[in-house]
Amino acid sequence: MGVLDYLSDYFTVDRPRKKRKAMQTVEIKVKMDCDGCERRVKNAVSSMKGAKQVEVNRKQSRVTVTGYVEPNKVLKKVKSTGKRAEFWPYVPYNLVAYPYVAQAYDKKAPSGYVKNVVQALPSPNAPDEKFTAMFSDENPNACSIM
């Protein structure tokens with residue numbers, strides 16, 4: 001077997017393989033006023049290579065594209081329709097520890113969403129907070145060894 005393995009190294013043909021893009025979901029905020037705007041954006045994004053599913057929600061001004069696509073290319077394609085577009089800047093209300101922190105609450109956000117901003121106050125479930133509270137003098141159940 002040693003001879004065959006040795007000779008096979010000389011006779012194998014390796015083609016460079018293209019790396020396949022990961023399946024992902026891209027959400028974009030696009031202001032759409034009418035059915036024509038909605039149709040134009042949907043057709044532009046649907047024609048992209050790798051786009052498997054396109055959902056357009058005109059009420060929320062939101063376009064969701066699922067497939068083997070790159071987020072920046074999707075954004076560029078939507079902007080090519082003449083519409084102002086940006087990546088979806090909102091997260092669900094219940095995922096944010098302090099939704100009424102400055103810059104997080106946005107009147108223009110769809111109901112149930114707030115802006116995705118860095119929270120000024122740390123999350124109460126953060127590991128650093130748990131360790132700090134564990135050895136705090138204010139905690140009656142703190143470690144008594146110290």
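This is a predicted model: local features need pLDDT of at least 70, side-chain atom pairs count only at pLDDT 80 or more; totals for chains, interfaces and linings use all residues.
Student: What makes up the secondary structure of the protein?

Tutor: The protein has four helices and six strands. Helices (H or I, at least four residues) and strands (E, at least two) are DSSP runs, numbered from the N terminus. From that end, the order of elements is α-β-α-β-β-α-β-β-β-α.

Student: How do you know which strands form the open sheet, and in what order?

Tutor: Two strands pair if DSSP finds at least two bridges between them. β2 and β3 (residues 62-67) are joined by six bridges in the antiparallel sense, and β1 and β3 likewise pair over six bridges, also antiparallel. The open sheet has four strands in the order β2-β3-β1-β4, with antiparallel pairing.

Student: Why is one side of β2 and of β4 left without a neighbour in the sheet?

Tutor: β2 (51-57) and β4 (85-87) stand at the edges and each has a single partner strand, so one side of each has no neighbour in the sheet. Neighbouring strands of this sheet are turned by 25° against each other on average, direction ignored. Such angles are taken between axes, which are lines fitted to C-alpha atoms (for helices over the stretch in contact), and run from 0 to 180 degrees between N-to-C directions.

Student: Which helix lies across the strands, and at what angle to β2?

Tutor: Helix α2 (residues 35-46) lies across β1 (24-30), β2 and β3, and runs at about 165° to β2.

Student: Which residues are bridge partners of Val63 in β3?

Tutor: Val63 is the bridge partner of Ile28 and also of Val56. Elsewhere in β3, Gly67 stands opposite Ala51.

Student: Why is β3 described as largely enclosed?

Tutor: Buried means under 20% relative accessible area, exposed over 50%, and partly exposed in between (1.4 Å probe, protein chains only). Six of the six residues of β3 are buried, so the strand is largely enclosed by the rest of the structure. In a regular strand the side chains alternate between the two faces of the sheet. Both faces of β3 are covered, with Arg62, Thr64 and Thr66 buried on one side and Val63, Val65 and Gly67 buried on the other. Across the whole protein of 146 residues, 27% count as buried.

Student: What makes Thr64 buried, and which residues does Thr64 contact?

Tutor: Thr64 has a relative accessible area of 13%, and therefore counts as buried. Contact means heavy atoms within 4.5 Å. Leaving aside neighbours within four places in sequence, Thr64 is in contact with Thr25, Val26, Glu27, Gln53, Val54 and Glu55.

Student: Is Ser61 buried or exposed, and where does Ser61 lie?

Tutor: Ser61 lies in the loop between β2 and β3. Its relative accessibility is 11%, so Ser61 counts as buried. In the hairpin of β2 and β3, which has four residues between the strands, Ser61 takes a positive phi near 55°. Residues up to four places away in sequence not counted, Ser61 touches Ile28, Lys29, Val30, Lys31, Met32 and Trp88.

Student: Why is Lys21 called partly exposed?

Tutor: Lys21, in the loop between α1 (2-11) and β1, has 38% relative accessibility and therefore counts as partly exposed. The C-alpha atoms of Lys21 and Tyr68 are separated by 5.4 Å, although the two residues are 47 residues apart along the chain.

Student: What makes a space a pocket, and which residues lie nearest the centre of the largest pocket?

Tutor: On a 1 Å grid over the protein atoms alone, a pocket is an open set of points where a 1.4 Å probe fits, with protein on both sides within 12 Å along at least five of seven lines; lining residues have an atom within 4 Å of a point. The largest pocket is lined by 13 residues, of which Lys29, Lys31, Ser61, Tyr90 and Lys108 lie nearest its centre.

Terms used: Residues are numbered from 1 along each chain as its sequence is written. Side-chain values use heavy atoms; hydrogens and water are left out.
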